[in-house]
Amino acid sequence: MPETINIKTICVCGAGTMGSGIAQVAAQAGFNTIQFDLNTAMLEKSRQQILASLNKLAEKGKLTEAAKTAALANIHFTASVEACIADVIIEAIVEDEAAKTTLFKKLAAINSPATIFATNTSSISVSTLATATAIDAQFAGMHFFNPAQLMKLVEVVYTSSTAPAVTDTLVALAKQMGKVPVVCKDAPGFIVNRVARHYYLEAMLLVEKGLADIETIDTIMEATGFKMGPFKLMDLIGMDVNYAVSNIVWNALDKPERLQPSALQKEKVEKGELGKKSGKGFYHY
Ligand SMILES: NC(=O)c1ccc[n+]([C@@H]2O[C@H](COP(=O)([O-])OP(=O)(O)OC[C@H]3O[C@@H](n4cnc5c(N)ncnc54)[C@H](O)[C@@H]3O)[C@@H](O)[C@H]2O)c1
């Protein structure tokens, strides 16, 4: 495993919930950070969120003013894919295989053969993306958790073609970002999302069957020691993202009954009730 890593520039693609948090973490760890999104409004929202988060850390005494200024100076926001030249690219765009493949192909064409390409996908097969983009050995998953600026765990996901040096470098990089990396083999839902499916699905089944209401379930689960009840957590994650993950994992495992996506959640997605990011999900914001 490399003790020191020769990484100076990190490009984070996607400035949404996850991309914004990952860019903040990279910038705070001292990397030259490029934050790319096609949507300029999302770039501006990300800039504001990172500023607010750093201000909060500084107010609490967890970050010096100098460190805050340095972190802000490390981030460069861009809507131009041509600017995405880096040692490591972390992709956190929409959970859509075709969109991710198209972007990775563009990025591979303009970056060096030594560049490492990592996807933050929650549920799309990393192996499928590696093959579709023909990046193979330089391709892996780097799965952060929400909110990325706070959650310590990172799943580093390798495929049968990922170069071991790439996995090692991503593990070392995650540590340098202050995270706790866990290496896992590519499989539907990796580890955390596979286990956590039942947390969401069983909770929604209880509501659908009229056996308990949302608030009661969240209160009980929090009282037993979970940091967030399943409904609050789904609102934080984003209903569309969580529903897409459920569908992808279910399909990838040949549709087992125990993992069937929820009709209640489908309805929420169709109504645009996506959770915190849209102002309404299971709760109002
Ligand atoms: N939300 C979570 O809790 C969570 C946790 C871990 C991993 N993930 C994964 O992270 C990824 C992003 O999820 P999110 O919740 O941040 O989504 P989001 O909807 O908040 O943000 C997605 C961003 O990608 C941008 N985008 C879409 N297509 C693009 C393109 N072609 N080029 C550049 N930018 C593009 C959008 O403008 C948007 O800003 C997904 O793969 C998701 O599965 C999400």
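Mentor: Let us begin with the surroundings of a ligand. A residue is counted as near a molecule if one of its heavy atoms lies within 4 Å of it. Please keep in mind that this is a predicted model.

Trainee: How many residues surround the ligand, and which are the closest?

Mentor: The ligand is surrounded by 24 residues, and the closest are Met 18, Asp 37, Glu 95, Lys 100 and Asn 120. Helix α1 and strand β6 (139-144) each supply at least two residues of the shell.

Trainee: Which polar side-chain atom lies 3.1 Å from an oxygen atom of the ligand?

Mentor: To read polar contacts, one looks for pairs of N or O atoms within 3.5 Å. Here, the atom in question belongs to the side chain of Asn 146. The backbone contributes as well: an N or O atom of Ile 93 lies 3.4 Å from a ligand oxygen, and a polar backbone atom of Ile 237 is 3.0 Å from a ligand nitrogen. Taken alone, the ligand exposes 830 Å², of which the protein buries 86%.

Trainee: Which residues of helix α3 are buried, and which are exposed?

Mentor: First, the general idea. An α-helix has 3.6 residues a turn, so residues three or four places apart point the same way. In α3 (residues 65-74), the buried residues are Lys 68, Ala 71 and Asn 74. Seen down the axis of α3, these fall within an arc of 125°, so they line one face of the helix. On the other side of α3, Glu 65, Ala 66, Thr 69 and Ala 73 are exposed.

Trainee: Against what do the buried residues of α3 pack?

Mentor: They pack against α1 (17-28), β2 (32-36), α2 (40-59) and β3 (75-78).

Trainee: Why do the buried residues of α11 line one face of the helix?

Mentor: In α11 (residues 263-271), the buried residues are Leu 264, Gln 265 and Lys 268. Down the axis of α11 they fall within an arc of 95°, so they line one face. Their packing partners are α7 (192-208), α9 (230-237) and α10 (239-252).

Trainee: What is found at the N-terminal end of α11, and what follows the helix?

Mentor: Ser 262 caps the N-terminal end of α11, with a side-chain oxygen 3.1 Å from the backbone nitrogen of Leu 264. After α11 comes Gly 272, whose phi is positive, near 80°.

Definitions and conventions
Residues are numbered from 1 along each chain as its sequence is written. This is a predicted model: local features need pLDDT of at least 70, side-chain atom pairs count only at pLDDT 80 or more; totals for chains, interfaces and linings use all residues. Side-chain values use heavy atoms; hydrogens and water are left out. Buried means under 20% relative accessible area, exposed over 50%, partly exposed in between (1.4 Å probe, protein chains only). Helices (H or I, at least four residues) and strands (E, at least two) are DSSP runs, numbered from the N terminus. The arc is that of the directions from the helix axis to the C-beta atoms. Contact means heavy atoms within 4.5 Å. A polar contact is a pair of N or O atoms within 3.5 Å; within protein, one must be able to donate a hydrogen and the other to accept it, and residues adjacent in sequence count only if both atoms are side-chain atoms. Accessible areas come from the Shrake-Rupley method with a 1.4 Å probe; for residues, only the protein chains shown count as cover.
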